[in-house]
Amino acid sequence: MARLTAGIAASHIPAIGAAVDNGKTAEPYWAPVFAGFDWTKAWLKAEKPDVVILVYNDHASAFSLEMIPTFAIGCADSFQPADEGWGPRPVPVVEGHADLAWHIAQSCILDEFDLTIVNKMDVDHGLTVPLTLMFGQPAAWPCKVIPLAVNVVQYPPPTGNRCWRLGEAIARAVESYPEDLNVQIWGTGGMSHQLQGPRAGLINKTFDNEFLDDLTADPERLRTMQHIEYLREAGSEGIELVMWLIMRGALGADIRELHRFYRVPASNTAVGHMVLEKTS
Ligand code: DHB
Ligand code: FE
């Protein structure tokens, strides 16, 4: 059977992608950011996940205000890189796992989570920057990726509790897939940041570190946190953090923190990163 073995949380700052693509990772501004992912890169080489369910948000690259799915699962064989701002990144095409993706869609929908099934979708920095942080610049990504896009751009995004429960449903889906696969789930985006308005540039280190602590110490607090608290404490784009709760809900009660990293600044965002192993 397929096994869900671990979860990773990571920010998706587009300037990180541009720093890698333009050979700037050794610059004093960027070197400490990338150093925070060295441990994970080595760990992933040993873990060799077959498939990553990559929970991320699209930034008007695949979707727009014309169509706003709350939860969309990519069921295609491959996904082309795209982006606003700097344009499509020079990164490998993202190979999907259509069979597992369709199985997750069926299992979740019959479990009363009505995912939107997407058979053609470009993927932007929300998905490709976490891949770059974890795998560097390979000629091809070393695993298959199932994109799970979450609307956190246009109000109303899903609640943290809904995200948590979707994670639980995804875990049930993975664990009922007959092939022997090592599957990870990544929750991306965050941490505190606000890109517009009078509070642009907001960073809240206390909120961010309490969020990192409570992924293991008090996940119930995070699960019930209201949107208004994310907005007030973590800024308008801090709401991206609800996506981490899909990852955390999928891992269940028995987990161990393997690695943690936090750094400010990186572009307009606080970089947060954590690796969690499922222990049962
Ligand atoms: C920045 C951060 C984001 O999450 C994003 O989607 C776009 C820009 C930034 O730090 O500038
Ligand atoms: Fe973003």
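The structure is a predicted model, in which local features need pLDDT of at least 70 and side-chain atom pairs count only at pLDDT 80 or more, whereas totals for chains, interfaces and linings use all residues. Residues are numbered from 1 along each chain as its sequence is written, ligands are numbered from 1 in the order in which they are written, and side-chain values use heavy atoms, without hydrogens and water.

Oxygen atoms of ligand 1 lie 2.7 Å from a side-chain N or O atom of H59, 2.9 Å from one of H193 and 2.8 Å from one of T269. Of the 290 Å² of accessible area that ligand 1 has on its own, the protein covers 88% (Shrake-Rupley method, 1.4 Å probe).

The iron ion (ligand 2) is coordinated by H12 (NE2), H59 (NE2) and E240 (OE) at 2.1 to 2.3 Å; donors are N, O and S atoms within 2.8 Å of the metal (3.2 Å for Na, K and Ca), and the site may look incomplete because water is not among the atoms. Along the chain, these donors follow the spacing H-x46-H-x180-E. H59, in the loop between β2 (51-56) and β3 (71-74), and E240, in the loop between α9 (227-234) and α10 (242-251), are 181 residues apart. Helices (H or I, at least four residues) and strands (E, at least two) are DSSP runs numbered from the N terminus. Both H59 and E240 are buried (under 20% relative accessible area, 1.4 Å probe, protein chains only).

Technical notes
Buried < 20%, exposed > 50% of the residue type's maximum accessible area, 1.4 Å probe, protein only. Polar contact = N/O pair within 3.5 Å; in protein donor to acceptor, adjacent residues only side chain to side chain.
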